[in-house]
Amino acid sequence: MIGVLGAGQLGRMLALAGYPLGLRFRFLDTAHDAPVRDLAEFVRAEFTDFAALDRFAAGLDVATYEFENVPVDAVEHLARCVPVFPPPAALRASQDRLEEKTFFRNLGIATAPFVAVDVRADLDRALEGIGYPAILKTRRMGYDGKGQYLIRERAAAEQAWQTLSGAVLLEGFVHFDRELSQIAVRGRDGRIVFYPLVENHHADGMLRLSLAPAPNRTPALEQLARDYARRVLEALNYVGVLTIEFFQQGEQLLANEMAPRVHNSGHWTIEGAETSQFENHLRALLGLPLGAAEARQPCAMLNLIGDLPEARTILAHAGAHLHLYGKKPRPGRKIGHVTVRAGTIEEVLDRLEKLRLSLR
Ligand code: AMP
């Protein structure tokens, strides 16, 4: 039995990948209507309810998490009863943007310039050093572009400071060529398998579209991304899937953040890779041999955000694979995705364009 903290769409896709391997799952989440509710054993509780965590842990072989803001205390508590992967230290680093970027820097991984800002006077000093534009970000609980304020000029600093309360950091704005992510998985024996680089398109801080493998990626760029991912995985003695999001500038990669879990930019691997990120995460947790991560075909993955489209409209497109998460449509909410596959990237882009037109 595999225990998973968090029961959203990532958990749902983990379970769906595990059933062919004969695995069973138990989830814990605070939401009543979590996407896994009809699929697996489900414990509804607060993550900080240690008595519920103990009940949840009884009889598990291994546990993992699919939600980045699970309190580290909860994971550490669970780790006293059952092996938990990825290691809690990875979760801790990823929850605090300042710790995360400092961790990257200490490993020699390039990032945008950043400075901790604790009091108002720090902000003025930091802006002098970093220049404009710059982005003020909350250290914690930021995701999908939340907790950020773009400062274009000196006059905007006060407003930014008033808007974001609590601990923050200031980052230089990166005029990137594009955004890329590297997904990698490390087994219990230390073996690492790398997925091809993925090109990601965000709007309003939220992932909309991924192209995989990233078109026009050079061997040097891929090598650099893998080298950076390896440093993180080995430093943490990591087990499971890890994602690092990068900004590309020429042949340079700047690490923006990491996710110690399966990732939205890896959904294409379900139909598009030899072994999906979900299956490989499970294989890693269980100490099973990892599967090959090569792409079978070029893919595009389009997130369905807000409105629920007609399944019929999507499925009428050649090479389109629809995933719905069983979530209620709501503006700005990820409720599903479509992966489009074809023999060439040109054909993928052509199919994607037609799909988008039909969704309008
Ligand atoms: P984050 O919440 O840090 O993942 O940021 C969400 C998105 O905001 C990123 O995927 C980028 O598109 C954009 N962004 C974040 N930080 C920067 C930066 N330093 N420079 C330019 N764009 C950024």
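How far apart do the C-alpha centres of domain 1 and domain 3 lie? In this predicted model, the distance between the two centres is 23 Å.

**First stop: the domains**

Begin by colouring the protein according to its domain assignment, which gives domain 1 as residues 2-84, domain 2 as residues 113-172 and domain 3 as residues 178-359. Then display domain 1 together with domain 3. Here 19 residues of domain 1 are in contact with 20 residues of domain 3. The size of an interface is often expressed as the accessible area that is lost when the parts come together. Between domain 1 and domain 3, the buried area is about 1800 Å², and carbon and sulfur atoms give 68% of it. On the domain 1 side, select Gln 9, Met 13 and Glu 68: these residues lose the most area to domain 3, and together they account for 29% of what that side buries.

**Second stop: the ligand**

Next, select the ligand and the residues around it. The ligand is surrounded by 15 residues, of which the closest are Arg 97, Gln 148, Val 174, Glu 179 and Glu 257. By class, this shell consists of 5 nonpolar, 5 polar and 5 charged residues.

Show the side chains of Arg 97, Glu 179 and His 202. In Arg 97, a polar side-chain atom lies 2.6 Å from an oxygen atom of the ligand. For Glu 179, an N or O atom of the side chain is 2.6 Å from an oxygen atom of the ligand. The side chain of His 202 has an N or O atom 3.5 Å from a ligand oxygen atom. On its own, the ligand has 470 Å² of accessible area, and the protein covers 92% of this. Strand E6 (134-138), strand E8 (168-172) and strand E14 (252-259) are the elements that give two or more residues to the shell.

Why does the ligand lie between domain 2 and domain 3? It does so because both domain 2 (113-172) and domain 3 (178-359) give residues to the shell around it.

Pro 133 is placed in the loop between helix H6 (120-130) and strand E6, and E6 is one of the strands already visited at the ligand.

Continue to Asp 204, in the loop between strand E11 (198-203) and strand E12. Its phi is near 50°, a positive value in a residue other than glycine.

Finally, select Ala 212 and Pro 213, where the connecting peptide bond is cis and omega is near -15°. Pro 213 belongs to the loop between strand E12 (206-212) and helix H8 (219-235).

Definitions and conventions:
Residues numbered from 1 in each chain as written. Predicted model: local features only at pLDDT ≥ 70, side-chain atom pairs only at ≥ 80, totals over all residues. Heavy atoms only, no water. Near = heavy atom within 4 Å. Polar contact = N/O pair within 3.5 Å; in protein donor to acceptor, adjacent residues only side chain to side chain. Areas by Shrake-Rupley, 256 points an atom, 1.4 Å probe, with all protein chains shown as cover. Helix = DSSP H or I, 4+ residues; strand = E, 2+ residues; numbered from the N terminus. Nonpolar A, V, L, I, M, F, W, Y, C, P; charged D, E, K, R; others polar. Domains from an automatic or database assignment. Contact = heavy atoms within 4.5 Å. Buried area = accessible area lost by both parts, 1.4 Å probe.
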